[in-house]
Amino acid sequence: MVIRIRLTRIFFIQMFSILSFLLFVFSECDNTKCHFPAVFNFGDSNSDTGGLAAAFGLLPPPFGMTYFEKPAGRYCDGRLAIDFIAQELGLPYLDAYLQSVGSNLKHGVNFATAGSTIRPPNTTLFSPFSLDVQLSQFVEFKQRVLTYSRKEPYTTLLPNPNDFQKALYVIDIGQNDLTLGLFLDLTVKQVEAFIPEVLQEFSSHVKTLYDQGGRSFMIMNTGPLGCLPLILTRLPYKQSQLDFRGCATPYNNVAKYYNQLLRSAVDSLRRDLPNSTLVLVDTYELKYSLFEHAHTDGFRFTLKACCGFGDGIYNFNRTVRCGQRVMLNGATLTYNVCKNPSVYVNWDGVHYTEAANHIVANGIFTGNYTNPTFPAGHICDLY
């Protein structure tokens, strides 16, 4: 009888320990406890959820084929990293600011548009919605929220005015400033020379968001340019300048230099903006790891675009891009698309697949790719 009681007691103690551990794991690793009421995102095509499409026309199929099963304003077969970030924080996907019909902006707004740069572009090659324009849109949006948010039916469609100080501000931009210089035939050294000016403007825009009430920031650095089929088929390099993954090191080095100076700029902002938190995400390492650990992550193709034209190593052609049909010399040239985007890192020669974006977003929440770092599941402790 005593033995039975003792065994029963041991059993309940063990069960209590297991349940306590499980409760600890699930409670401690719940990133929704950050309680961000909204996310405001600024950026380019890496995080555009419909801005450019709303301004200049919808994307054609097969964009959106994986998750939305139709074009959804995203330069991807499905979801972007910003979608997974919002999801992880317990928030809905962000609607684009420029998308006037069917949007609900209660829990945030996406001001990002494809092709955007930090500095206003002096060419029509890129989007007119540079970061200064996106900031102007944000300021205008905030003013309208202060005017209308307490009136019906806007209470369910717009953020609470207090949410602007409690929200998370995500900034994912800078890649196009580098590629714009390279596409205008500037040398790598010439591009590197104007990066300090670009980041000076970037810092001024972050300060504007701070003045508007922003206190919690997530800033993405730029990815490995030299791994994109667009760069590999358009810009010059020697075969000896390709690394073991097939990426062009001169252009990856430009991205690394930009990221080095961005980190210094963020450090300065931390000193200048009291009572704020700026988390810098190492997007470069997260994306480059997709090429380093492709087979581990389930990818069969790293440099070849899932959707494009020409097949070959990259399946990319600037004349016939994903979703396009082009008449050339009396012949109709039509894009091709892979059957299973989940085994591809690259979607269309420029952007990543949903599968790749999901891994990048998950990597952010491990805490290993941010400055400062944090234990997995504890990103809320930083804010």
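## Salt bridges

A salt bridge is taken here as a side-chain nitrogen of Lys or Arg within 4 Å of a carboxyl oxygen of Asp or Glu. The model is predicted, so local features need pLDDT of at least 70 and side-chain atom pairs count only at pLDDT 80 or more, while totals for chains, interfaces and linings use all residues. Residues are numbered from 1 along each chain as its sequence is written, and side-chain values use heavy atoms, with hydrogens and water left out.

The structure holds 8 salt bridges by this rule. One of them joins Glu192 to Lys189, with the closest N and O atoms 3.9 Å apart. Both residues belong to helix H7, where they are 3 residues apart, about one turn of the helix. Helices (H or I, at least four residues) and strands (E, at least two) are DSSP runs, numbered from the N terminus. Exposure is given as relative accessible area: buried means under 20%, exposed over 50%, and partly exposed in between (1.4 Å probe, protein chains only). On this scale Glu192 is buried at 15%, whereas Lys189 is exposed at 65%.

A second salt bridge pairs Lys207 with Asp272, at 3.7 Å from N to O. This pair links distant parts of the chain, since Lys207 lies in helix H7 and Asp272 in helix H9 (residues 249–272), 65 residues apart. Lys207 is partly exposed, with a relative accessibility of 33%, and Asp272 is partly exposed at 44%. Another salt bridge is formed by the side chains of Asp83 and Arg74, with an N to O distance of 2.8 Å. Here Asp83 is buried at 1% relative accessibility, and Arg74 is buried at 6%.

## The mixed sheet

Six strands make up an open sheet: the 6 strands follow the order E2-E1-E3-E4-E5-E10, with mixed pairing. Two strands count as paired if DSSP finds at least two bridges between them. At the edges stand strand E2 (108–110) and strand E10 (370–371), each of which pairs on one side only.

Strand E1 (residues 39–43) and E2 run parallel and are joined by 3 bridges. Within this pairing, Val109 in E2 is the bridge partner of Phe40. In a regular strand the side chains alternate between the two faces of the sheet.

## Aromatic pairs

Rings of Phe, Tyr and Trp (its six-membered ring) pair if their centres lie within 6.5 Å; planes under 30 degrees apart count as stacked, over 60 as edge-to-face and the rest as tilted. There are 24 aromatic pairs in the structure. The rings of Phe40 and Phe164 are stacked, because their centres lie 5.2 Å apart and their planes are at 0 degrees. Phe40 is in strand E1 and Phe164 in helix H5 (residues 163–166), so this pair ties together parts that are 124 residues apart in sequence. Phe40 is buried at 0% relative accessibility, and Phe164 is buried at 1%.

The pair of Tyr67 and Tyr93 is edge-to-face, because the ring centres are 6.2 Å apart and the planes are at 80 degrees. Tyr67 lies in the loop between helix H2 (51–56) and helix H3 (81–88), and Tyr93 in the loop between H3 and E2, so the contact ties together parts that are 26 residues apart in sequence. Tyr67 is partly exposed at 38%, and Tyr93 is partly exposed at 23%. Ring pairs also link a cluster whose members include Phe40, Phe42, Phe138, Phe164 and Phe217.

## Charges over rings

A charge sits over a ring if NZ of Lys or CZ of Arg is within 6 Å of the ring centre and within 35 degrees of the ring normal. Arg79 lies over the face of Tyr67, 3.7 Å from the ring centre. The charged end of Arg234 sits over the ring of Phe183, at 3.9 Å from its centre.

## The E7–E8 hairpin

Strand E7 (residues 325–328) and strand E8 (residues 331–334) pair in the antiparallel sense over 4 bridges. Arg325 has Thr334 in E8 as its bridge partner. The two strands E7 and E8 form a hairpin with 2 residues between them, and Asn329 in the turn has a positive phi of about 55 degrees.
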